[in-house]
Amino acid sequence: MDELVIETEGLTKHYNGVVAVENLNLRVRRQEVFGLLGPNGSGKTTTILMLLGLTEPTAGWVRVLGLDPARQPLSVKARVGYMPDEVGFYEELTARENLAYIARLNGLSGRVAQERIEEALGRVGLLDVADRPVATYSHGMKRRLGVADVLIKKPQLIIMDEPTQGLDPEAAREFLRIIRSLKEEGITIVLSSHLLHQVQAVCDRVGLFHKGHMVLEGTVTELARQVLGTAYHIQLEAEGSPESITAALRRLPGVTDVSWDGKYHYRVAAVEDLRTEAAGAVMSAGGRLLSLELDRPSLDDIYARYFEEVEHVPAA
Amino acid sequence: MSQPREEGRRLPAREGSPWTGLWAVVAKEMADHLTSARMRILEILIVLTAAGTVYMAIQEIRTTIAQDPFLFLRLFTTSKDPVPAFVGFLGFLIPLIAIALGFDSINGEFNRRTISRVLAQPIYRDALLMGKFLAGLFTMTLVLTAIWLLIIGLGLITLGVPPSPEELARALCLLLLSIFYGGIWLAVAMVFSVVFRQPATAALAAIAIWLFFLVFWDILSSLLASALLPIRYGTMEEILAQTKLAMNLARISPNTLFSEAIIPILQPNVRSLGLVLTWQLQGAILGTPLPLGESLVLIWPHLTGLIAGTILLFALFYILFQRREIRV
């Protein structure tokens, strides 16, 4: 099932001469969780607004669920749920009243609206506080209400802008759980974030944005290969002469770099998983192995390394 | 569901009606207006004013024994020191209500960060705009009609005479005029709610405009007229031209339009709003009331002026908001 839910070609947006998004080619497949990554002001929110038809592109071509958001905005917005960053509600109204307004705007009324509201509130665990004014809600509760709000229209695609920002770890975990369960129902999800470990935890693929361009795209492992070059990092601790241990590790075929971080700690970069070989090398150099661990490539490393390189280019 | 790929952008028009969701917005906004504390305060204020002025008017009317075929209308226009007549109060209470209903309509949505969530629903911006304007207008209609009924009721009880059909028609005209007058100020407040990010700034700006027209415009228009058409030789033509110019300049102000338009409606024996020269009165029987139709002809320019102003301001509001980027 490789149906494309989002497809853009050469999508470009300029705000008063400033480039917000340049020549974006984005493809998101059905039932995929796609992460838009990048620092603030790199064009993530603008991209989202163009996908929803809330902002007109300067140039380029967009299809969302096969529809053109600029020409068929009602059909697109009836099928796509959008949760903005810092989602806001009418504070003096209760959660139920807020959702009822959204249901009416979607053309739902009476029993159908009632059922959808109950279902959505139950889904995010807000049923028992549904009749309290939103002003009394915590930040995490408002975010969950934001999800309920999106679910009212039973969307095929959900776009979330910075959904976990400002949530405490427990609330964030709960939020990621909701995202995964939505994916299992067959809903496609696009989310933007700069909280990398959370993106890594839920996204199938990510796109890295920088100054309006999508500079990298793919799964986390693919990105790691592109940016970090060697995808495997082994951390080991060993007692013994640092010189001979370092030398022994360097001799192993496939090892690209070894660094000694003082005292017992070594870092080995390799093209494949060389844990067994590394352990052998430490033994043969007369060292006593204390711990051995393989680093999974993390988005944080990719991100940090990528922007380090980008920053250094103009400086040089 | 899928569109031909390249030529999709050449589709003739946007799909669907711009009014999808309009009534949902109107219902929600009206509910907000009617339950807000702001509205309660205004309601209390306006009911007190109505009761106070009409009570004084009744006291005054009772003391006169002169025959008056339009006794009922005098409820609105009679004043007794130190309280001015009800219509005098209306002239500045209506702008106040209108501004209170409109000054935070758009920037409030931005500040509460609800705007992007609402516009992500399957509606056009048109529905949100029109819905907000109509909700304001309907709320004002509701409040003004309630007061109007209250005054008629008070009149029935205290005067003990039922109003004639013509009096009722004239009173109804007053109600309609008040609503149109409110519409123009509602549009002013809404324009400022798009222009300014802060509701407080928008409210202040709207009130400043209102005060400008209420207090300074009359003075300014006579100053302007004497600067533009100075009286050099003291001829009749010069004096007339200057006075006419001053009068027409003053009519740019909606306050002037409203207070002038009320006069022939509530005082049927008024037969002109401009300068009247003696030869123009030839054949007129002074003191006889004009029929309602003639009074309406007299204020027709004022009425169209008020409506045209409202439409122009609403168009401005519309253009400003349609161009506004949702991105903050």
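Trainee: Into which domains is chain A divided?

Mentor: Chain A is divided into domain 1 (4–218) and domain 2 (232–296), with bounds that come from an automatic or database domain assignment. The C-alpha centres of domain 1 of chain A and domain 2 of chain A lie 45 Å apart. Please note that this is a predicted model, in which local features need pLDDT of at least 70, side-chain atom pairs count only at pLDDT 80 or more, and totals for chains, interfaces and linings use all residues. Residues are numbered from 1 along each chain as its sequence is written, while chains are lettered from A and ligands numbered from 1 in the order in which they are written.

Trainee: How many helices and strands does chain A have?

Mentor: Chain A has 11 helices and 14 strands. Helices (H or I, at least four residues) and strands (E, at least two) are DSSP runs, numbered from the N terminus. Along the principal axes, the C-alpha atoms of chain A fill a box of roughly 80 × 45 × 40 Å.

Trainee: And how many does chain B have?

Mentor: Chain B has 12 helices and zero strands. Its C-alpha trace spans about 80 × 55 × 35 Å along its principal axes.

Trainee: Moving on, which residues have the most contacts inside the largest nonpolar core?

Mentor: They are A:Leu52, A:Ile159, B:Leu186 and B:Ala189, in a core of 150 residues. A nonpolar core is a set of buried Ala, Val, Leu, Ile, Met, Phe, Trp, Tyr and Cys residues joined through C-beta atoms within 7 Å. The largest share of this core, 16 residues, comes from helix H8 (residues 165–195) of chain B. Another core, of 16 residues, lies apart from it and includes A:Tyr232 and A:Leu274.

Trainee: What does A:Ile159 touch, its neighbours within four places in sequence aside?

Mentor: A:Ile159 is in contact with A:Ile48, A:Leu51, A:Leu52, A:Val80, A:Tyr82 and A:Val190. Two residues are in contact if their C-beta atoms, placed from the backbone, lie within 7 Å.

Trainee: How many residues does each chain give to the contact of chain B with chain A?

Mentor: The contact takes 30 residues from chain A and 26 residues from chain B. On the side of chain B that touches chain A, the largest share, four residues, comes from H6(B). That side divides into nine nonpolar, nine polar and eight charged residues. Here Ala, Val, Leu, Ile, Met, Phe, Trp, Tyr, Cys and Pro count as nonpolar, Asp, Glu, Lys and Arg as charged, and the others, Gly among them, as polar.

Key:
A residue is buried if 20 or more other C-beta atoms lie within 10 Å of its own, exposed if 12 or fewer, and partly exposed in between; C-beta atoms are placed from the backbone.
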